[in-house]
Every structure is written in C-alpha cells, then in structure tokens.
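Let me put the thing up on the screen, and then I'll walk you through a few spots.

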Amino acid sequence: QRKSEEVLFQLNGRCIYLVGMMGSGKSTVGKILAEVLGYSFFDSDKLVEQAVGMPSVAQIFKVHSEAFFRDNESSVLRDLSSMRRLVVATGGGAVIRPVNWKNMKKGLSVWLDVPLEALARRIAKVGTASRPLLDQPSGDPYTMAFSKLSMLAEQRGDAYANADVRVSLEEIASKLGHDDVSKLTPIDIALESLHKIESFVVEDTAVADSQTESQSQRMHTL
C-alpha cells in the first residue's frame with residue numbers, strides 16, 4: 001500500500017495497460033494493481049464479448065473470425081485510451097496492431113514476461129477450450145500448448161518488447177530465491193510491477209523536465 005501511494009503521485013492519472021501472452025496472469029495482477037492504486041479494472045476481452053453480445057472470445061472466433069475480434073478489440077482500446085485511472089488487462093494478441101500501441105502509449109504499458117514452459121503448464125492444467133488460438137482436437141495438452149505458444153511468442157516477441165516496462169517472472173523468482181516461477185504469488189508480481197512502474201515514471205519525468213529546461217534555455221538565448 002505504501003509503495004502504491006508513491007507510484008500513484010507519479011502516475012498522475014495515467015492508465016496502465018498490461019500486455020503479455022495468454023495465461024500470463026494479466027487479469028489477476030491487474031485487479032491487485034487497480035485495487036491498491038484506487039483505479040478501475042477492465043479486461044479488454046470481456047469488453048469485446050459484451051460489445052459483440054457473445055459469451056466468449058472462443059465463440060467470437062468461431063462464429064465470426066479472428067479479424068472481426070481484432071477490429072472490436074481495437075475499438076475497445078481506443079475508447080479506453082481516452083479515459084484516466086484505469087488498469088487494463090489486454091488480450092494476448094492486442095500487441096500485433098500498431099494502432100493499439102498508439103492508443104496504449106497514451107498511458108503506460110507493462111509486459112508480464114512469463115517463461116513459455118510455465119505458461120504451457122498453466123494452460124494444459126485448465127484446458128484450452130477458452131483459448132481459440134491454442135485449442136487442439138488431440139495430443140498431449142502440455143506439448144501442444146508449448147508448441148503453439150512458442151510459435152506465437154516468435155511472432156509477437158518484438159511487439160511485447162514495445163512495452164514501457166518489462167516485468168520478468170524469472171528475475172523475480174531469482175530475487176526471492178525460488179527455483180520455479182510457479183512459486184511466485186500474484187502479489188509478488190504486482191509489487192515488482194509497481195517498483196518497475198515507479199522507476200519508469202521517475203525516469204520519464206526527469207527526461208521531460210530536462211527537455212523543458214533545455215528548451216527554456218534555448219528560448220532565453222534567442
């Protein structure tokens with residue numbers, strides 16, 4: 001809570017967008033961040049489901065298409081970008097469209113970087129029915145999930161790296177003396193996210209102040 005108060009002052013109402021692969025914990029961590037910051041929480045997938053009037057992303061893909069879903073996702077992110085004091089958990093593929101980045105850059109973006117093995121284990125455990133890009137008719141759930149996630153990570157890796165802040169679960173686990181990221185709690189991840197957000201915002205503010213000062217000096221010289 002103390003950390004969140006320090007960050008809140010620096011954020012000045014800016015929205016936070018969580019990006020990362022499916023299953024990386026964006027909604028769970030996002031809800032914690034929203035609660036401690038006194039922000040509102042939104043899940044962009046859920047907002048698309050509401051807008052389209054369908055119960056799941058999987059059904060939207062099935063009845064319409066991925067492109068139809070992506071168009072609606074972009075509309076949702078555009079609308080959210082005009083607001084303040086929100087934490088938004090984005091869908092895993094939101095990063096592939098430049099227009100989404102244009103809107104997310106109005107706030108601050110945080111990449112939850114989770115090792116693929118950990119993601120595949122999580123997804124295999126709960127099943128892939130709700131994840132249209134991973135749902136496979138047969139085969140070992142872990143192997144199938146890992147194979148597909150690897151392909152998606154290759155396609156999207158550079159896009160995730162556009163985020164203002166990277167939160168590496170491997171780094172947090174190492175720092176806390178864990179040999180497996182599955183031992184981390186959502187609070188561990190949320191706390192590290194707050195630290196990283198604070199560092200970014202402080203640095204960003206310092207750069208902006210420096211630019212303003214040099215601009216002022218140039219004007220004075222003129």
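So, first thing to look for: in which sense do strand β2 (residues 40–43) and β3 pair, and over how many bridges? They pair in the parallel sense, over 4 bridges. Pairing here requires that DSSP finds at least two bridges between the strands.

Quick housekeeping. This is a predicted model, so local features need pLDDT of at least 70, side-chain atom pairs count only at pLDDT 80 or more, and totals for chains, interfaces and linings use all residues. Residues are numbered from 1 along each chain as its sequence is written, and side-chain values use heavy atoms, with hydrogens and water left out.

Overall, you've got 10 helices and 5 strands. Those are DSSP runs numbered from the N terminus: H or I with at least four residues for helices, E with at least two for strands. Of the 222 residues, 42% are buried; buried means under 20% relative accessible area, exposed is over 50%, and partly exposed is in between, with a 1.4 Å probe and protein chains only.

Back to β3, residues 86–89. Strand β1 (residues 16–19) also pairs with β3 in the parallel sense, over 3 bridges. If you want to click on partners, leucine 18 bridges to alanine 89, and phenylalanine 41 bridges to valine 87. Leu86 and Val88 point one way, Val87 and Ala89 the other, and all are buried.

Now serine 44, in helix α3 (residues 44–52). Buried or exposed? Serine 44 is buried, at 0% relative accessible area. Its side chain reaches the backbone nitrogen of glycine 91 at 3.3 Å. Leaving out residues up to four places away in sequence, serine 44 touches Glu73, Val76, Leu77, Val88, Ala89, Thr90 and Gly91, where a contact means heavy atoms within 4.5 Å.

Next, α2, residues 26–37. Lys26, Val29, Gly30, Leu33, Ala34 and Leu37 are buried there. They cover an arc of only 135° around the axis, so they sit on the same side of α2; the arc is taken from the directions from the helix axis to the C-beta atoms. After α2 comes glycine 38, with a positive phi near 75°.

Last stop: histidine 64, in the loop between α4 (57–63) and α5 (66–80). Histidine 64 is partly exposed, at 37%. Okay, that's my tour.

Definitions and conventions
Expected span 1.5 Å × (residues − 1). Polar contact = N/O pair within 3.5 Å; in protein donor to acceptor, adjacent residues only side chain to side chain.
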